Amino acid sequence: MSDPSDPVIGVASDSSRSPRPRTGPLAGVRVADFCWMGVGAVATRLLADFGADVIKIENRKRLDMPRRLPIYKGETRSYGAEDPDPDPNKGGLFNNYSRNKLGITVDMSDPRGRELVLDLIEHCGIVTENFAPGVMERWNLTYPELREIRDDMIFARMSGYGHSGPQAHYRSYGPVVQAVSGLSFNSGLPGREPSGWGLSYMDNQAAYYNSAGLLLAIYQRMLTGQGTEVDVSAIEAGIGLLGSDLLDTVVNDRPSRRPDYPRGNRLEHPTAAPHGVYPAAGTDQWIAIAVFSEADWKALQTVMGDPAWASDARFATADQRIVHQDELDAAMSGWTRDQDKHRLMGALQDAGIAAGAVQNSQDLAEHDPQIAARGTFFELDHPVIGPALFEGFPGQLGASKPDHWRSAPLLGEDNQFVFGEILGRDAETLAELSAEGVI
Amino acid sequence: MVAAQVLQGTSPVRDLVVVELAQSPAGEQTGKFVADLGADVVKIEPPGGVASRHVGPWAHGQRDPDHSLEFWAYNSSKTSRALDAASPDDRSQFGALLATADILIVEDRRWLRELGTDLDELLEQRPDLIVVAVTPFGLTGPWQDYRTSDLVALAAGGILNSCGYDDHSIPPIRPGGNQGFQLGASFSWCALLLALIERRRTGLGQLVDMSVHESNAVSGELANPYWFYPKALVQRQTCRHAQPEPTQPALFECGDGNYVYFALILAEQKAWSSLLGWMSELEMAADLTDASFQDIAYRQQEFSHVQEVIEVFFLVQDADTVYHEGQRRGLPIGRLNAFEDLPLDVHLQEREFFVDLPTPDGETVTYPGLPYRFSSFETVPGRPPRLGEGHHG
């Protein structure tokens, strides 16, 4: 286990990890990044990928949750099963969230630590945070105060409820945001409890919206020299994702608490049948099939080998298939049940039918030929963890290439570079600050 | 006015002209992002309107292309131009419009070709143009011609594998609201902004080749790290995180039939004390006040009993009370709001999140506001256009 009190453990001789000038559309952009947990770290990750110097500000006394979560190579534990004495440099989730970032440690409660951070903020001109509301206020780092440091300051904030209103102080994380915004109610079989989400979807979506907000702010400053505060409430972002089901309720006064809602895997609009998730060969293996048009249905019958049941009058038209969906789904399941999900997906897609194997993460990483051909996942080495896969940007830009220069920083790995080379503190000062636990 | 309204300041995208060839939520939401901030987004449609105009639900039951709520959801603040690809005159109008554009959003390059423009030639002729191609799987690779839908995108991209019920005889269940497409839109919006920044620096545009499939594949939160590191596969559970191993339920039914989400971490002493204090005040803590439950290991060993006592505690209260009283005590509890609850939420009201969106019929409807707020400028969405409606009707 590495010693968190030594900021340069194990890497002093590894020059491949030394910070270097970055490439990409955001090269030269610098961010003083207070973000932590998932939603904040994912938001600034995109900036780091595309060339920004994102300087992650950490506190040794309060380790970032992804540093503490035991998602380790060779050990399986569920989220929440905390390691009582975690190696802060071993966590896979932290590596995943903070690749391409620089990492410093500083104690903001010490005046000398605070002075360093204020220097850094002035140097960067962009500040990001997703603390509980009130933390930045206690540090006197609100937007008006930040603008006194630099008039063109960009300040991006992420929170569950936003920074105003009677519930701004409510505690939230992904599942709570999904519950309150309506996204959990929106998901499940009619007549039973909601199935909701099996992930913190809104940690990702709120993060992506914050990335976009930051990019827009950077673009605006390039055009006009003007800074801005950006505020994203994850709950509001979630409501914006409800789509036409929300409008059906608020425009048409059609309650969403009704016996036939939500609809499970079936569609009300547009009419589509069969439209569902059907069993495939193996344990808990499934395939999604979506038939929208008569041409789709004809093509499906051909792929199935024109079984007698499919030409039954109950399934002759889309309207009839909707009426008889239970029988249709049962018949479909009988056909899919013993087939390999990947091969069946290929056969259906080759016939022009929208179909997708329900892929797990192993399928994505080891089987999916599209992910492989597009290079969606990429590998970086890490001094403690070793080589690991990362989720890249889900598209290809002709000119603006991501710059994957390094896996996540070890705790305090870039203290020397940031405090010494960028902020100009001498070695003696840094040694003293380190010895006294300020950095 | 169909355009977004600028209430304050100057929007950085105000002077941009965007041409949109899209009819799924992935491309349409990408256009909406930039339109709602004040860009001039011209939506190209076939004479009968794009596919989304023909999908319900319908405003007040009016089944026509101007009253599709599916269309309204993703097409605020745009103008519409109906062009017939079979007409030489319309094709030349399209060419003229495209010549003025800064950005082209396109879901299907075949449609572009039918309108008389080849994508590769266009990129050669217009080095300053930003083309955001938002396609199901990307423009290259073995699956480039595969079809998708929201369900298929969530399935193939790995999200669906995490969603459903504890009972695995039930298939994975699709989370509602076109979230597979929305993930594609979020990344396309980020890519569009990266390309604008690049163009500001170099003067050059580029082709941005976005994949809905990949957008889903990188958004599974813990699922991929669990595979990348311990080589564990997560298993879906009812309304809580899919995990390598089963965890205790987090969905509680309340006395009014509504639900709350609450994941009690038994190892957190503060949360335990807070919950216990609350239960004791209502004289419902049962034997949890016994000294033995102060021990974390004992609580964990007895978790199914703890769970039962909490179930009863929530079942005798209504969900609204549990939500607000729990939060008052510092517990991260969320009520599972239904859509009709949202406009009544006092917090959202005070923040003026919902806006009054004008409709093509001259009335106004309740509509979600923007997902971010900027101090330097403020816009509100303009109404979705009627088929063929420009800035001046």
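Two strands are taken to pair if DSSP finds at least two bridges between them; the legends below apply this criterion to a predicted model.

**View 1. Parallel pairing of strands S1 and S2 in chain A.** Strand S1 (residues 30–33) of chain A is joined by four bridges to strand S2 (residues 53–58) of chain A, and the two run parallel. Within this pair, Ala32(A) has Ile55(A) of S2(A) as its bridge partner.

**View 2. Helices lying across the strands of chain A.** Helix H1 (residues 39–49) of chain A lies across S1, S2, strand S4 (126–129) and strand S5 (154–159) of chain A. The helix H1 of chain A runs at about 150 degrees to S4(A). Helix H4 (residues 111–124) of chain A lies across S1, S2 and S4 of chain A, at about 145 degrees to S1(A).

**View 3. An open sheet with strands from chain A and chain B.** The order of its seven strands is S3(A)-S2(A)-S1(A)-S4(A)-S5(A)-S6(A)-S15(B), with mixed pairing. Strand S3 (102–105) of chain A and S15 of chain B are the edge strands, each pairing on one side only. On average, neighbouring strands of the sheet are turned by 20 degrees against each other, direction ignored.

**View 4. Antiparallel pairing between S6 of chain A and S15 of chain B.** Three bridges connect strand S6 (residues 228–233) of chain A with strand S15 (residues 372–374) of chain B. Tyr372(B) in S15(B) is the bridge partner of Val232(A).

**View 5. The contact between chains A and B.** Here 126 residues of chain B are in contact with 130 residues of chain A. Helix H7 (residues 179–202) of chain B supplies the largest share of the side of chain B that touches chain A, 15 residues. That side of chain B comprises 70 nonpolar, 38 polar and 18 charged residues.

Note on methods
Residues are numbered from 1 along each chain as its sequence is written. Chains are lettered from A and ligands numbered from 1 in the order in which they are written. This is a predicted model: local features need pLDDT of at least 70, side-chain atom pairs count only at pLDDT 80 or more; totals for chains, interfaces and linings use all residues. Two residues are in contact if their C-beta atoms, placed from the backbone, lie within 7 Å. Ala, Val, Leu, Ile, Met, Phe, Trp, Tyr, Cys and Pro count as nonpolar, Asp, Glu, Lys and Arg as charged, and the others, Gly among them, as polar. Axes are lines fitted to C-alpha atoms, for helices over the stretch in contact, and angles run from 0 to 180 degrees between N-to-C directions.
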